Structure formats: structure tokens, C-alpha cells
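Here is a short briefing to read alongside the model. Have the viewer open and follow the residues as they come up.

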Amino acid sequence: GKSAMEVELDAGFGRAIELHRTVMDVEMAHNFRRDYQSGGDKLSLRLRTLIERGREVRAVDYCGALSARTALGEALDPLFDEYDAIVTPAAPGPAPRGLDSTGDPAFCSMWTWLGVPTVSLPLLLAPSGLPIGVQLVGRRGNDARLLRTARWLVDMLGRQRRRPAARARKGSKR
């Protein structure tokens, strides 16, 4: 059978969001450099701000962030020798209403930056009726194992949800 265990990630993971932002800012500044130079005033304020922040990052800080990404990614590998997946919230709350936003990416950014596969499953419901996502994180390069684990979790939860209803039917007098 499968089991779950709470694990604590290395303290270095606490800086992952900041390091991801450094890399993202520099790469956005680089990738949009022509657009910024030829018509920066036509870009949105948000994109311009991101590009300008990226243009200010020192090369040594960018290289340090890339090195940290490699080291943190390798630090996850022993976990996946023992566990099929890491379970985390997909977001700090339920899905937002409407299509204007996909919600706060805070719980996804680190995993994206580390290049590990993730899958979000709408396994819970908020009182508002909107889904609350549960995110499974897998080993780099092993998407198939993560998808098998996600399938197992969905199947297991589905069986557990059906059991109480089946028991109630047995005891009912019709």
C-alpha cells in the first residue's frame, strides 16, 4: 500500500521564489530587449517594470540563481527514491471566479523553476463551490510516474467517497 509522510525541504528552498524571479526577470529582459528598445512605451507597465528590473540584475547574481536551481533540483532526487510524489496545495485558496486570472502562482513557481513535472487535481471544494487544487510534484524527467500516481490518488479518493454511500444504501428500508 501507499503511505504519506511529512517531509521538510532543505532551507535553500526558502529562497527559491526569489531566485526564480531573478532568472525570470533577466530572461524577460533579454527576450524582449528589441521590443523594449524600439517601443518600450507601448509595452504594459507590468512588462516594462519586469524588463527594467531584469536589466538591473548583476551577472554574478543571475549565474548564482542558475547554480542554485541545479543544486536544489538535485537535492529533490533522494525524496523521489523513497516517495512517488510531493503533495502541496496548488494555490493559497480556491480557484478565482471567472476567466480573468488563473490565481496566485506562488505554490507553482518554485516547481516550474526547478523543471519538475506537476499536476494539479481539483480534489477539494471551497464553501463557494469553487475547486481547491491539490498539486502533485514528481521527479525531473519522470512525468509518466507522476501521472500514474495522480491516477492512483484520484481512484483511491473516488473509492473512499463511494464507500459511505454504499453502506447507507445497505441499511435503508425500501
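Thr22 is buried, because its relative accessible area of 19% falls under the 20% cut-off. This is a predicted model, and Thr22 sits in helix α1, which spans residues 16-31. Leaving aside residues up to four places away in sequence, Thr22 touches Val57, Asp61, Tyr62 and Ala65.

**Nonpolar cores**

- The largest nonpolar core has 20 residues, and those with the most contacts inside it are Leu76, Ile86, Trp111, Trp113 and Leu114.
- Helices α1, α4 and α5 (106-114) are the elements that give two or more residues to this core.
- Helix α4 provides the largest share of this core, with 7 residues.
- Which residues does Trp113 touch, not counting those up to four places away in sequence? They are Ala16, Leu19, His20, Val23, Ala65, Ala68, Arg69 and Leu72.
- Another core, of 10 residues, lies apart from the largest one, and Val119, Val134, Leu146 and Ala150 are among its members.

**Strands and their pairing**

- Strand β1 (residues 86-89) pairs with strand β3 (residues 131-137) in the antiparallel sense, over 4 bridges.
- Within the pairing of β1 and β3, Ile86 stands opposite Val137; Ile86 is also one of the residues with the most contacts inside the largest core.
- Strand β2 (residues 118-125) runs antiparallel to β3 as well, and 6 bridges join the two.
- Val137 in β3 also has Thr118 opposite.
- The hairpin of β2 and β3 has 5 residues between the strands, and Gly129 takes a positive phi near 90° there.
- As a reminder for reading these strands, side chains in a regular strand alternate between the two faces of the sheet.

**Salt bridges**

- How many salt bridges does a search of the whole structure find? The search finds 8.
- Arg15 and Glu18 form one of them, with their closest N and O atoms 3.3 Å apart.
- Both partners are partly exposed: Arg15 has a relative accessibility of 45%, and Glu18 has a relative accessible area of 47%.
- Arg58 and Asp61 meet through their side chains in another salt bridge, at 3.2 Å from N to O.
- Arg58 counts as exposed at 54% relative accessibility, whereas Asp61 counts as partly exposed at 37%.
- Asp61 is also one of the residues that Thr22 touches.
- A further salt bridge joins Asp77 and Arg139, whose closest N and O atoms are 3.9 Å apart.
- Asp77 belongs to helix α4 (residues 59-82) and Arg139 to the loop between β3 and α6 (143-171), so this pair ties together parts that are 62 residues apart in sequence.
- Is Arg139 buried or exposed? Arg139 is buried, with a relative accessible area of 19%, while Asp77 is partly exposed at 21%.
- Asp77 and Arg139 also belong to a network of salt bridges that links them with Asp81 and Arg140.

**Cysteines**

- The structure holds 0 disulfides.
- Cys63 is partly exposed, with a relative accessible area of 46%.
- Cys108 is partly exposed too, with a relative accessible area of 24%.

Methods. Residues numbered from 1 in each chain as written. Predicted model: local features only at pLDDT ≥ 70, side-chain atom pairs only at ≥ 80, totals over all residues. Heavy atoms only, no water. Buried < 20%, exposed > 50% of the residue type's maximum accessible area, 1.4 Å probe, protein only. Contact = heavy atoms within 4.5 Å. Pairing = 2+ DSSP bridges. Salt bridge = Lys/Arg side-chain N within 4 Å of Asp/Glu carboxyl O. Disulfide = S-S within 2.5 Å. Core = buried A, V, L, I, M, F, W, Y, C linked by side-chain atoms within 4.5 Å.
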